[in-house]
Amino acid sequence: MGKQGRKRLVSYALFLAALFQCRFLAFAILDPLDFLALQLIRKSMNDLPGSSFFASWDFTSDPCNFTGVYCESDKVIALNLGDPRAGFPGLTGRLDTAIGKLSALTEFSLVPGRVFGSLPMSISRLENLRVLAITRNFISGDIPASLGRLRRLKTLDLSYNRLTGKIPRSIGTLPELTNVLLCHNNLSGSVPPFLSQALTRLDLKRNALTGSLPNSFSPSLQFLSLSWNQLTGPVDSVLSRLDQLSFLDLSFNRFTGPIPDRIFSFPITNLHLQRNSFYGPVQPGDQVKISTVDLSHNMLSGRISPMFSTVQNLYLNHNRFTGQVPDSLVDRLLSASLQTLYLQHNFLTGIGINPTAEIPQSTSLCIQYNCMVPPVQTPCPLKSETQKTRPTSLCNEWRG
C-alpha cells in the first residue's frame, strides 16, 4: 500500500472513531435508567398484525426520537404507547413494572389494543405524573390504592378495560383531579367521595357500583355519567349543588325520591334519568332549555308541565302522568320544533290534536296506552304496548 493509501486509511479510521463517539454521545444523552426502562417496556409488548408503532424503536439510535417518546434534557417526560387513530390495531403484551423507573414522567398513555395483565404498582412512584390514560385494552385486577400517592394527577382514564374490585378511596382524595374516567369495567362497591375542587368530568358508567351517592361532589363538575350501575337512594340533595352540569346521565340505576326542579335550569344539553324509581311531580320553574330530556320508565306523577315545550326531544313515557297534554307541547310538535314526544304508558286523559292534523315527518309522537283514545295514529317504538288505550278499569282505579 502506498503512502497516499495509508493516509486515506488513517483518515477513514479517524472518521469512524468520530462517528462512533457521536453515536455514543447521542444515546448517552438519555439517563441510563430511562434507557433501560424503555428497553424493558419494549420487550414486554409487541405490535399487533397491521400495526407498526414500534418500527422506530431502534435502540442503536436516540430513544428520544422514538415514536411516542418525549424527552426534556436527559429524562423521558411523556410516553404515549400505541396509535390513537381509529381502526389501528394497537399493541399486545403486558405493561412492564419498569414504567415506574421513568421518574420524570408527567404523561403516560396506552391506547386501544390487547395489552393484558394488572396495573403495575410501580406507577405509584411517578410523583410528577399528571396524565394516566390506559384505555380500551384488557387490563384486569384491582386499581392499586397506591395511586393515591400521585398528588399531581389531573386525568385518570382507565376506561374500557376489565378492572374489578372497589374504586380506592385514596383516588378521591387527589387534590388536582379534573377528569376521572373508569367507565366500562367491572368495578363494584360504592362511589367514593371525590374531594378535588377542580373536578369537571366523572364517568363511571357500565360498572357494578352499588349504594348511594356521596354528598361531596364539587360544584365544578360539568359532566357526570353513572348509568348502567346498581346505585340507589335519593339524589336531590346531591344534584341541587351541581349547577355547572352540562351533561347528566343517571339512567339504568335504582335511584329513588323526587327529581329536583333546580336541575332543569342548569346549563345541561342532555339529561338522562330514565329507568330508575324516581317519583312525585316534576315542575320546572321556567322554560326548559335542555335539548334532550329523558325521564321515562320511572314513577313520576301529576300533570305534565308546559315548561317542557321548549325541549327538542322529550321522553316522559312509562310513568304515572295524568291530565291533559299541554297545548304548548302540541303546538311545538306540529311546527316541528319538538322533534320527539313520547308520552305512551301513562294515565293522560286528552291531547288537543285535530284528527285531520298532519304530523310533520321529521317528528315522532307516541301517545298510546293512556286513558284516552288517540286522536291520531302515529308509529311508536317497536317494543311499546300494543294496546292503543289503557283499560278503563285501570284508569278508574288510578283516579280512585
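Which strand does Arg-162 lie in? Arg-162 sits in β10, residues 162-166, where a strand is a DSSP run of E with at least two residues and a helix is a run of H or I with at least four, numbered from the N terminus. This is a predicted model, where local features need pLDDT of at least 70, side-chain atom pairs count only at pLDDT 80 or more, and totals for chains, interfaces and linings use all residues. Residues are numbered from 1 along each chain as its sequence is written, and side-chain values use heavy atoms, with hydrogens and water left out.

**Arg-162**
- Arg-162 is partly exposed, with a relative accessible area of 47%; that label falls between buried (under 20%) and exposed (over 50%), using a 1.4 Å probe and protein chains only.
- Arg-162 touches Phe-138, Ile-139, Ser-140, Gly-141, Asn-185 and Asn-186, leaving aside residues up to four places away in sequence; contact means heavy atoms within 4.5 Å.
- Ile-139 is 23 residues from Arg-162 in sequence, but their C-alpha atoms are 5.5 Å apart.

**Nonpolar core**
- The largest nonpolar core has 100 residues, and Leu-79, Leu-81, Phe-108, Ile-123 and Phe-264 touch the most other members.
- Such a core is a set of buried Ala, Val, Leu, Ile, Met, Phe, Trp, Tyr and Cys residues joined through side-chain atoms within 4.5 Å.
- Helix α2 gives this core its largest share, four residues.
- Phe-264 has contacts including Ile-259, Leu-271, Val-282 and Phe-308, again not counting residues up to four places away in sequence.
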